[in-house]
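I opened the notebook to look up a few local features and some packing. My entries are below the structure.

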Amino acid sequence: MIELRNISKIFNPGTPGEKIVIENLNLRVEPGDFLTIIGSNGAGKTTLFNLISGSLAPSSGEILIKGRPVTFEPEYRRAAHMGRIFQDPLAGTASNMTLEDNMMITSKKGFKWPVISLNRSMKKRFRDQVQGLNMGLENRMKENVSSLSGGQRQALTLLMTVSSNPDILLLDEHTAALDPRNAAMVMDQTTRFVTRQKLTTLMVTHNMGHAIEFGNRLIMMDGGRIIIDVQGDEKKELTKEKLIQMFSDIKKQEFETDEVLLSD
Ligand SMILES: Nc1ncnc2c1ncn2[C@@H]1O[C@H](COP(=O)(O)OP(=O)(O)OP(=O)(O)O)[C@@H](O)[C@H]1O
Ligand SMILES: [Mg+2]
């Protein structure tokens, strides 16, 4: 579904501010995979998503989506395949529009320009979809989205995003701004959609528990590289303790290699 071949991203190349943010990264994601991605601030996780979505072009390397080379294809050409949700619950919906109007403008199907009005069948379809969230929001279709809580808004954003049937779902810390109860609720909704629609999903999280609990594969990024990649039974049996141990073993190894190199 996604293939990154030897991808590097260098910001401000050839200047004193040059920064290698992604370094010779290789990643192959199979259809239906659910990857969780962890890594410290600045590890390159969001940049990785920008490269996959096409909002950034790599400095070198090749990107294929569904077997098609898209390395320099602009974001809007990939948009139909891609659903992306950000950390900020305010980012995915328009505050001063009603729930049903928000759903109308993001629904690709049946959208005609200029927007005239919602017809009855669209209203029913949106209401049924919102009812599927089981949050009682179907009774608030004519309220502005600004009246919803962060968790409710993020659940609505998720619903709108998956309704367009993306091939790839990119979740960039989409529960990080929510309290634990709402975060759990949005994660429930996420797994429900991912499982039902067999969505190929990449989820960045700073919550190690979530990274271990969800998905069939976990990767850890550090300094623009993938340093841990766990899947299958190894992923199922992963614990926080094991993950921390793996991380410190790698860091120790790197430190020792550096020492050897420096001692020459
Ligand atoms: N447009 C840019 N120009 C220069 N440097 C950038 C640019 N965008 C990102 N960076 C740098 O690239 C590095 C990786 O950033 P990125 O946003 O991918 O990290 P991240 O892993 O998503 O971190 P976080 O967990 O904080 O969201 C950071 O050091 C950041 O400052
Ligand atoms: Mg980020």
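Entry 1: I note at the start that the model is predicted. I traced an open sheet of six strands, with mixed pairing. The strand order reads E6-E7-E8-E3-E9-E10. I then looked for the edges. They are strand E6 (82-85) and strand E10 (225-231), each of which pairs on one side only. Neighbouring strands are turned by 15° against each other on average, direction ignored.

**Entry 2: inside the sheet.** I picked the pairing of E3 (residues 34-39) with E8 (residues 200-204). In which sense do these two strands pair? They pair in the parallel sense, over four bridges. In this pairing I found Ile37 opposite Val204 in E8. Next I asked what H5 touches as it packs on the sheet. It touches E6 and strand E7 (168-172). The direction of H5 makes about 175° with that of E6.

**Entry 3: H3 against H4.** I turned to helix H3 (residues 99-106) and helix H4 (residues 120-131). Their axes come within 10 Å and cross at roughly 105°. Angles of 65 to 115 degrees count as roughly perpendicular, so H3 is roughly perpendicular to H4. From H3, the contact takes in Glu100, Met103 and Met104. From H4, I listed Met122, Lys123, Phe126, Gln129 and Val130. I sorted the residues of this contact into five nonpolar, one polar and two charged.

**Entry 4: His210.** I located His210 in helix H7 (residues 208-213). Is this residue buried or exposed? His210 has a relative accessible area of 13%. Buried means under 20%, so His210 is buried. What does His210 touch, leaving aside neighbours within four places in sequence? I found contacts with Thr36, Thr175, Met187, Met203 and Thr205.

Entry 5: I checked phi with a general point in mind: most residues other than glycine have a negative phi. Asn6 has a positive phi, near 50°. Asn6 is in strand E1 (residues 2-11). Its relative accessibility is 40%, so I logged Asn6 as partly exposed.

Asn134 also has a positive phi, about 60°, although it is not a glycine. I placed Asn134 in the loop between H4 and helix H5 (150-163). Asn134 has 71% relative accessibility, so I logged this residue as exposed.

How values were computed. Residues numbered from 1 in each chain as written. Chains lettered and ligands numbered in written order. Predicted model: local features only at pLDDT ≥ 70, side-chain atom pairs only at ≥ 80, totals over all residues. Heavy atoms only, no water. Buried < 20%, exposed > 50% of the residue type's maximum accessible area, 1.4 Å probe, protein only. Contact = heavy atoms within 4.5 Å. Axes fitted to C-alpha atoms, helices over the stretch in contact; angles between N-to-C directions. Parallel < 35°, antiparallel > 145°, perpendicular 65-115°, else oblique. Nonpolar A, V, L, I, M, F, W, Y, C, P; charged D, E, K, R; others polar. Pairing = 2+ DSSP bridges.
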